Amino acid sequence: MKKKLFKKILTCRICASSNLYDFLFLGDLPIPNGFVKKVDLNKEEERYPLVVTFCQDCNLVQLRYIVDPKIMFDNYLYIPSSSRTRIEHFKQMVQEVVDTMNLDESSFAVDIGSNDGSLLNCFKNLGIPVLGVDPAKNLVKVAELNGIETVCGYYDSVLAKKILEKHTNASVIFATNVVAHIGNLYNFFKAVDILLDKKGIFVCQFPYILDLIEQNQFDTIYHEHLSYFGLKPLLEMAKKLQIEIYDVKRNDLDGGSLRVYWKKKLNHSFRIQKDTIERLLKLEQEKGLYDKQTYDTFAKRIENLKQKTKKKLLELKKIKKTIVGYGAAAKGNILLNYFRINTKILDYIVDSTPYKQGLYTPGTHIPIYDESRIYQTHPDYILILAWNFKDEIMSKNKRFRDEGGKFIVPVPQFHIM
Ligand code: JHZ
């Protein structure tokens, strides 16, 4: 019998409550980074239910169905270095930590979900020793070629102890856009505690649920992201851990992210920013993040957005306009599949990631080319699927607009620029 590749969760990942409320069903979709080779276009793709649920006890928003991580991450085509904005963000984030922690060549920085080593490269350039951890075999090879030592595997307590056989405890551990991907959060955070130096800090960052809801960022909901964090459920989880949150900061990356700073409970060298934490909790409460109705309203808005967007794109096709996509992002693939946008609407998609070029988008089978194709075919409209980088994309394609082309930004609202 074929092994089941996904499972349904019955209890909350943080508080174990079964008081879960399903509020959004985006369909049975292929995994968002499951790009298809030309020879496989006629093969049926695996599809997995994308259902979002809200824990009415600790208020964690999470996926109902969990796909086996090996299917999603053992071979991974997304790389952070495809965006200048993200690399700039990494540089600033690293510099801030290096300054506040006074890190130097005797320190040790670890990045969990280190991908091609882009973040650690910022430490390396400052002379600080580094180690990456990532499950994607293909990307570990790339990181090693970039001179970033990387352990291949899924980070947990066993792996943390193995790292300690060869390395010292970490002065700083990063996990950017990683905690949302973790199934067993308690094991993961325990593993962070194991590897962290007693004076060290752990910094995690992820797309913030408040921005997701307010800005209609439904397309950042996909199989890779098991949890959609607000501050409250994280504080709930921290009660059972040996590490605690001492500060939180919002920023604009990826449409709005939350950066959370952790330290060991026994480390008193950092003051807990109680006011900042309380203020954010108050805001979450005021914005209705702890209320299931907020999520019902969100689901309705997304359905409306789908109808409106589809209608407008079809109107453009009716008057014979050509439209292409920009950025074969994971989020783009969710938008295309949920809105049912295929080659009848988009001729092709351009993407700067060499690993994605020559492949086809999962489910919708739109061909992916390098960015220069835009200037060979001169489309009328570009639909920016990587809307989180719309400024970067529009500024590097000024010529397209100068020549009469128009950009469409699909989120938070269909908008022609
Ligand atoms: P981007 C990934 O999501 C997956 P995606 C992951 N699960 C996650 O959590 C988020 O990142 C944060 C292209 N591009 O970064 C490159 C250009 O072609 O929004 C990328 O394929 N030209 C880890 O995939 C895509 O757009 C450009 O000038 O949604 C952007 O993908 C720029 C700026 C980007 O992540």
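1. Helices (H or I, at least four residues) and strands (E, at least two) are DSSP runs, numbered from the N terminus. With that convention, P412 lies in the loop between strand 18 (406–409) and strand 19 (415–416), and the peptide bond that joins V411 and P412 is cis, with omega at about 10°.

2. A word on the basis of this note. The model is a predicted one, in which local features need pLDDT of at least 70 and side-chain atom pairs count only at pLDDT 80 or more, while totals for chains, interfaces and linings use all residues. Residues are numbered from 1 along each chain as its sequence is written, and side-chain values use heavy atoms, with hydrogens and water left out.

3. The protein chain is divided into domain 1 (3–65), domain 2 (80–270) and domain 3 (293–416), with bounds that come from an automatic or database domain assignment. The contact between domain 2 and domain 3 takes 20 residues from domain 2 and 22 residues from domain 3, where contact means heavy atoms within 4.5 Å. The centres of these two domains, taken over C-alpha atoms, are separated by 30 Å.

4. The shell holds 28 residues, of which E224, K331, D351, K356 and K396 are the closest; a residue is counted as near the ligand if one of its heavy atoms lies within 4 Å of it.

5. The shell divides into 10 nonpolar, nine polar and nine charged residues. In this scheme Ala, Val, Leu, Ile, Met, Phe, Trp, Tyr, Cys and Pro count as nonpolar, Asp, Glu, Lys and Arg as charged, and the others, Gly among them, as polar. Helix 11 (330–339) and helix 13 (390–396) each supply at least two residues of the shell, and helix 13 gives the largest share, three residues.

6. An N or O atom in the side chain of K331 is 2.6 Å from an oxygen atom of the ligand. For K356, a polar side-chain atom lies 2.7 Å from a ligand oxygen, and for K396 the corresponding distance is 2.6 Å. The protein covers 97% of the 730 Å² of accessible area that the ligand has on its own, with areas from the Shrake-Rupley method and a 1.4 Å probe; for residues, only the protein chains shown count as cover.

7. Not counting residues up to four places away in sequence, R86 touches Y78, P80, N177, L253, D254, N388 and F389.

8. Most residues other than glycine have a negative phi, and most peptide bonds are trans. N115 has a positive phi of about 50° although it is not a glycine, and N177 likewise has a positive phi of about 50°. The side chain of N115 reaches the backbone oxygen of Y78 at 3.0 Å.

9. V151, placed in strand 8 (residues 150–152), counts as partly exposed because its relative accessibility is 24%. V151 and V133 are 18 residues apart in sequence, and their C-alpha atoms are 4.8 Å apart in space.

10. L241 is found in the loop between helix 8 (231–238) and strand 12 (243–251) and is buried, with a relative accessible area of 7%. Leaving aside residues up to four places away in sequence, L241 touches Y186, F189, W262 and K265.

How values were computed. Polar contact = N/O pair within 3.5 Å; in protein donor to acceptor, adjacent residues only side chain to side chain. Buried < 20%, exposed > 50% of the residue type's maximum accessible area, 1.4 Å probe, protein only.
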